[in-house]
Amino acid sequence: MQTYQEELQENARVLQSFIEQDKEWAQLAGKTILISGATGMIGKCLIDLLMQYNDRRRADVWEPIRIVALSRNEERAKERLTEHWHKEVFRFFPCDVTQGIPECGQVDYVIHAASNTHPLQYANDAVGTITANVIGLKELLDYAVMHRTKRFCFLSSVEIYGENRGDTDRFGEGYLGYLDCNTLRAGYPESKRVGEALCNAYAKAHQLDFVIPRLSRVYGPTMLSSDSKAIAQFIGKAAAGEDIVLKSAGGQLYSYTYVMDAVMGILTVLLKGGCGEAYNISDTGSEVTLREICEWLAQDNQVNIISDMPEAAEAAGYSTATKAMLDTEKIEALGWKPQTHMREGLHKTVQALTC
């Protein structure tokens, strides 16, 4: 079983091959990418992968990819990104994107990955959840327009589809389900919807090129210990050798994506996606119920499953969707395919957390 570092090396080899052989991927070489939410699960994995590519590239042929990383907490950033901190091609700026973007110089690509992404954040920081996806996005869009950025990438979510109306097994990019906007929990999916509309408005007003990856539920070794999503809690308990607490019957059926696969999907959309297009990123081989996840983790880590009801604050941030799976035909047409399916991904994540 590969460690996270071994995975990075293998995926950096794949990335190197893409850049050397594909004219679209080759656009990354020598470019500067601004990444908000740099210390989050996806932001960290994305930075780790690009920096690993820099370490192994053919220096006599391919220029390095330069990273501009934004995050609110510099102390956490130093801890999470310590191996990159003093490298010439890495720069960090402490920044709350809702308060304006500092002058970071010219950037070729912007990836907006800063967002509250789990139930306790939705419940306890409902305002911050909305503002990061709307006001923070506007600040970054303004920066991109001012600096004539080549392409803007706004990370959206499976949650924009709302509740399945019962008329489809999987959400295609044109599907629109029911959302009750008059709830605290609606702040996340509704602000993602507004964010997508805002990108379209900037494209019209400023001719800004943009793409939107819509991510399924993502998990992996770069998850934060504070993550309160159900799968993160299950993994954390298994890694600690404690009983897994299931706070429902566990029948919810969702799509999941291993973080390394999600990052490769984001880069695929960034470089090969059509201007203004949205693309679902999901591993159709990892469509499982919450109970199945618990059972796999319990079996593989010799722990038990116990049932308990969530506290009110946590429950207020839970999704009410019971079935949410994504149609991935559109991104697969760009050449992307997931490599790590659910049970293997769970094992890798627990292994990383116990090392």
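Predicted model: local features only at pLDDT ≥ 70, side-chain atom pairs only at ≥ 80, totals over all residues.
Residues are numbered from 1 along each chain as its sequence is written, and side-chain values use heavy atoms, without hydrogens or water. Local features need pLDDT of at least 70, and side-chain atom pairs count only at pLDDT 80 or more, while totals for chains, interfaces and linings use all residues.

Visitor: How many disulfides does a search of the whole structure find?
Guide: A disulfide is a pair of cysteine sulfur atoms within 2.5 Å. The sulfur of Cys104 is 6.9 Å from its closest cysteine sulfur, in Cys95, too far for a bond. For Cys275 the closest is in Cys199, at 11 Å, also too far. The search of the whole structure finds zero.

Visitor: Is Cys104 buried or exposed?
Guide: Buried means under 20% relative accessible area, exposed over 50%, partly exposed in between (1.4 Å probe, protein chains only). Cys104 has a relative accessible area of 1%, so Cys104 is buried.
Visitor: Which side chain makes a polar contact with the side chain of Glu287?
Guide: Glu287 lies in strand 12 (residues 283-289). Glu287 is buried, at 17% relative accessible area. A polar contact is a pair of N or O atoms within 3.5 Å; within protein, one must be able to donate a hydrogen and the other to accept it, and residues adjacent in sequence count only if both atoms are side-chain atoms. At 2.5 Å, the partner is Arg170.

Note on methods. Helix = DSSP H or I, 4+ residues; strand = E, 2+ residues; numbered from the N terminus.
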